[in-house]
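Here is a walk through one model, going from a single residue out to the bigger pieces. Keep the viewer open while you read.

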Amino acid sequence: MKKLFFFLCALAWITAARAVDYPYMLFINTEGVKTAMRVEGLTMNVNGNSLQVTNSSDGTSFVLAELATMVFSTDETPIENVIDGESPISVYSVTGVSFGQFESLHEAVKTLAPGSYVISNGKTTQTIIVQ
Amino acid sequence: MKMKKIFFFCAALAYMSSMVAQTLNVKTGNVIYQFPASQAGYMTYSNGTELTIMGKTFALSDISTMYVDETAVKDSTIAVVYSGSSAVITVAGNIARYVTIAQSGAHVSVTQADDLAMEITYSLSGSSTDGEFYTAGAYKATLELNGLTLTNTTPVYSGAAVHVQNSKRIKVKLITGTTSTLRDAASGSQKGALYIKGHAEFAQKGTLNVYGNVKHAIKTGEYFTIKNATINVLSAVGDGINCEQYFLMQSGAITISGVGDDGLQCDIEDTTVGSTGITTDHEAEDTGNIYISGGTITVAVTAAAAKAIKAEGDIYITGGTVNATTSGGGAWDSDELKTKASAGLSADGNIAISGGTLTFKSTGAGGKGISGDGTLLVSDSASIAITTSGQAVVASSSGAVSVVSNASTLDHYDTNYKSSPKGIKIDNAATITSGKISVTTSGAGGEGIEAKSTIDISGGEIIVNSYDDAINASSHLTISGGMIYARATNNDAIDANGNCYIKGGLVYAVSASSPEVAIDANTEGGYKLYVQGGTIVAIGGLESGASLTQSCYSTGSSSSGFGGGRPGGGSNSTSWSANTWYALTYGDTTFAFKTPASGGSTMVVSASSTPTLKSGVTPSGTAVFDGVGYFPASVTGGSSVSVSSYSGGNSGPGGRW
């Protein structure tokens with residue numbers, strides 16, 4: 001019986017580990033600059049030409065005309081640590097097929113079909129989902 | 001034990017943690033679009049004016065607010081929660097791009113895009129005294145009524161309370177444990193308080209109450225099926241349920257009352273092409289057929305000439321319970337130039353009943369139990385009880401209708417200008433192989449079972465107490481088995497307008513006094529009664545000129561009165577005693593029967609071997625004919641009744657037809 005309980009517990013933790021949790025919402029502007037906001041209590045309101053964003057501990061605003069995308073993110077470190085405006089990134093499928101190099105993540109997203117991809121700047125690798 | 005508790009706690013905690021969902025809610029007016037974080041992907045801003053998420057583009061000026069919470073989103077679902085003069089609509093993100101939502105107060109419209117290729121579930125709940133739900137699209141859908149109370153007072157998109165314009169399969173789930181109520185607007189062009197243009201499949205164990213204020217309560221443009229659900233039609237100007245293609249009930253309950261026309265009506269959809277005939281699994285079937293295999297249907301209709309259950313095609317009943325009452329009188333049909341009357345069960349095609357418990361009561365003038373333009377087949381475990389208590393209805397050349405309670409007066413009217421309160425009226429052949437049929441009629445022209453063609457009885461138990469002929473065939477009538485009790489108070493008991501063949505079975509027939517006979521054939525037309533077998537008791541005698549292959553015996557002449565005396569009074573004496581138990585014994589078999597209060601003067605008996613007859617017996621055994629007989633029977637006491645050879649008797653007019 002004890003072995004069964006160990007097994008069930010392990011199975012539950014494994015299942016929990018597989019469930020994706022997105023602690024952050026990343027806001028990416030047209031220049032590729034990323035701003036991460038924690039999603040707890042995240043609220044966004046359009047106020048004239050700006051987007052007011054607040055969460056349970058912080059707040060900021062973005063000029064709507066300068067906003068490009070926003071995306072839920074699992075990373076504690078904002079993606080700008082991987083991608084910078086001067087470094088090209090390489091894009092691969094999850095099975096390793098190359099989709100080429102792009103000047104920035106933003107440029108890559110504009111051309112990629114919906115799906116999951118692996119991106120790398122040669123030093124760090126991440127997985128993204130293009131919708 | 002302590003370790004076990006810790007392990008359980010850890011397992012539960014892990015599972016609970018794994019179930020947290022993150023959802024981006026985008027609110028525009030009263031509509032909330034819910035995008036699961038795991039599906040949202042990159043959400044694109046355009047020119048500072050638009051935001052596109054999962055293919056759905058929002059004008060930023062339309063967005064009230066956006067927020068992230070832990071709402072679990074069920075894909076492909078739109079939930080509408082009505083609350084007074086408004087409604088809140090939530091749309092799952094994966095279908096957001098495929099729907100266009102319009103709203104005016106509590107009036108909600110959802111239009112599906114033509115490229116939608118997944119089934120949407122519309123979950124409706126809450127209440128409003130002035131609201132509606134309208135949806136249009138080209139893909140099948142599911143409608144969940146989850147405790148919805150909706151009245152459409154001032155229509156915006158449709159006069160119906162719920163209108164599904166999709167010509168596809170619509171699953172209507174009455175959520176178990178809930179009661180929903182729908183009322184349409186008081187005026188308008190809506191065809192039903194609940195209108196579904198496509199085919200509706202009602203399921204789950206919830207309850208739906210419907211009030212139809214303009215036409216039908218529920219109208220479907222294609223087939224209607226029901227399983228488990230409870231549907232109550234509480235009022236309708238037109239029919240309670242009006243559908244097309246076919247109606248199929250497997251289980252559940254339908255109750256219909258307060259309607260201005262028929263209770264349940266099923267028509268052929270494509271009247272240009274006509275019936276497709278029955279198809280395998282009803283695939284693409286358009287027959288106007290009604291199929292009942294389980295559940296309970298209770299229908300009460302009151303309008304003149306209304307039908308409780310009406311099919312433009314056939315009716316097949318293999319199980320379930322049907323209770324139908326009609327109280328309306330007759331009506332003149334100026335299109336068909338015929339007098340019409342109410343009926344519990346009515347089919348333009350054939351009727352086949354092989355199971356179920358069916359009870360029909362008609363009280364209005366001309367009202368019938370079962371009326372069919374095709375054939376009738378009763379078999380297997382069918383149980384049918386019919387009572388008609390109205391008089392006949394007639395129409396004048398101007399079309400005005402009136403009630404006639406005198407049978408002789410009724411005879412003066414042409415067939416198209418009268419309608420009689422018959423138990424069963426079939427325009428083609430009737431075949432009874434098994435089951436139980438009980439028919440009681442008491443009005444002028446009220447035949448028990450009438451077929452405009454042949455009647456074949458080979459099994460079952462048939463009990464008829466009728467005003468007019470108990471069993472009448474416009475052509476040949478054959479009894480080869482079964483148990484038949486046929487008593488007519490004003491005409492022949494068993495009457496064939498062609499030949500009449502008694503080949504087997506148990507037949508107890510009682511006619512009115514002469515010139516009526518217990519068993520009649522159309523000798524005037526050159527036809528004949530053939531007695532070839534069976535166990536027969538015929539009070540009222542047999543038609544003259546009969547061919548008696550099996551010997552028959554009578555208890556005495558019509559004027560002698562011996563063998564039992566007469567009940568007293570009147571100009572016709574009888575050779576039998578009224579209200580007395582008799583025993584007819586042949587070989588080791590005894591049939592005990594109770595004589596009626598009145599009937600034809602001569603008692604004729606016949607059996608497979610020379611019978612003996614006793615009167616005044618005390619019977620026991622297997623009760624038949626609702627207690628009027630025992631078969632097989634055991635008897636004690638009684639006195640022997642002398643019988644003499646019988647070769648035929650009355651040659652009356654053979655009754656009315």
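## A serine in a strand

Let's start with B:Ser125, which sits in strand 11 of chain B, covering residues 120-128. Bear in mind throughout that this is a predicted model. Is B:Ser125 buried or exposed? With a relative accessible area of 16%, B:Ser125 is buried, because the cut-off for buried is under 20%.

And what does B:Ser125 touch, once residues up to four places away in sequence are set aside? There are contacts to B:Val80, B:Val81 and B:Tyr82, and also to B:Asn146, B:Gly147 and B:Leu148.

## Salt bridges

Over all chains, the count comes to 11 salt bridges. One of them pairs the side chains of B:Glu447 and B:Lys422, at 3.5 Å from N to O. B:Glu447 is in the loop between strand 43 (436-441) and strand 44 (449-451) of chain B, while B:Lys422 is in the loop between strand 40 (418-419) and strand 41 (424-426) of chain B, so this pair ties together parts that are 25 residues apart in sequence. Both ends are tucked away: B:Glu447 is buried at a relative accessible area of 3%, and B:Lys422 counts as buried at 10%.

Then there is B:Asp427 with B:Lys425, whose side chains meet in a salt bridge of 3.1 Å, N to O. Here B:Lys425 counts as buried at 15% relative accessibility, whereas B:Asp427 is partly exposed, with a relative accessible area of 30%.

B:Lys436 has a salt bridge too, with B:Asp626, and the closest N and O atoms are 3.2 Å apart. This pair links distant parts of the chain, 190 residues apart: B:Lys436 is in strand 43 of chain B, and B:Asp626 is in the loop between strand 58 (612-624) and strand 59 (629-641) of chain B. B:Lys436 counts as partly exposed at 29% relative accessibility, and B:Asp626 counts as exposed at 53%.

## Nonpolar cores

In soluble globular proteins, nonpolar side chains tend to be buried together. In this model, the largest nonpolar core has 151 residues. Which of its residues touch the most other members? They are B:Leu24, B:Ile78, B:Phe202, B:Phe247, B:Ile494 and B:Ile519. The largest share of this core, five residues, comes from strand 13 of chain B, residues 141-151.

B:Ile494 is worth a click. Leaving out residues up to four places away in sequence, B:Ile494 touches a list of residues including B:Ile471, B:Leu477, B:Ile479, B:Val507, B:Ile519 and B:Asp520.

## A four-stranded barrel

Now look for the closed barrel of four strands in chain B: the order is 55-56-59-58, and the pairing is antiparallel. On average, neighbouring strands of this sheet are turned by 55° against each other, direction ignored. Strand 55 (residues 581-586) and strand 58 of chain B run antiparallel and are joined by four bridges. Across from B:Leu584 you'll find B:Leu613, in strand 58 of chain B.

## Aromatic rings

How many aromatic pairs does the structure hold over all chains? There are 22. One is B:Phe591 with B:Phe631, an edge-to-face pair at 6.0 Å centre to centre, with 75° between the planes. B:Phe591 is in strand 56 (residues 589-594) of chain B and B:Phe631 in strand 59 of chain B, so the pair ties together parts that are 40 residues apart in sequence. B:Phe591 is buried at 0% relative accessible area, but B:Phe631 counts as partly exposed at 22%.

These two rings also belong to one aromatic cluster, made up of B:Tyr485, B:Tyr508, B:Tyr582, B:Phe591, B:Phe593, B:Phe625 and B:Phe631.

## Chain A

Last up is chain A, with two helices and 10 strands. From the N terminus on, its elements run α-β-β-β-β-β-β-β-β-α-β-β. Chain A has 131 residues, of which 40% count as buried. Among contacts in chain A with a separation of 6 or more, residues 24 or more positions apart account for 35%.

Technical notes: Residues are numbered from 1 along each chain as its sequence is written. Chains are lettered from A and ligands numbered from 1 in the order in which they are written. This is a predicted model: local features need pLDDT of at least 70, side-chain atom pairs count only at pLDDT 80 or more; totals for chains, interfaces and linings use all residues. Side-chain values use heavy atoms; hydrogens and water are left out. Buried means under 20% relative accessible area, exposed over 50%, partly exposed in between (1.4 Å probe, protein chains only). Contact means heavy atoms within 4.5 Å. A salt bridge is a side-chain nitrogen of Lys or Arg within 4 Å of a carboxyl oxygen of Asp or Glu. A nonpolar core is a set of buried Ala, Val, Leu, Ile, Met, Phe, Trp, Tyr and Cys residues joined through side-chain atoms within 4.5 Å. Two strands pair if DSSP finds at least two bridges between them. Axes are lines fitted to C-alpha atoms, for helices over the stretch in contact, and angles run from 0 to 180 degrees between N-to-C directions. Rings of Phe, Tyr and Trp (its six-membered ring) pair if their centres lie within 6.5 Å; planes under 30 degrees apart count as stacked, over 60 as edge-to-face and the rest as tilted.
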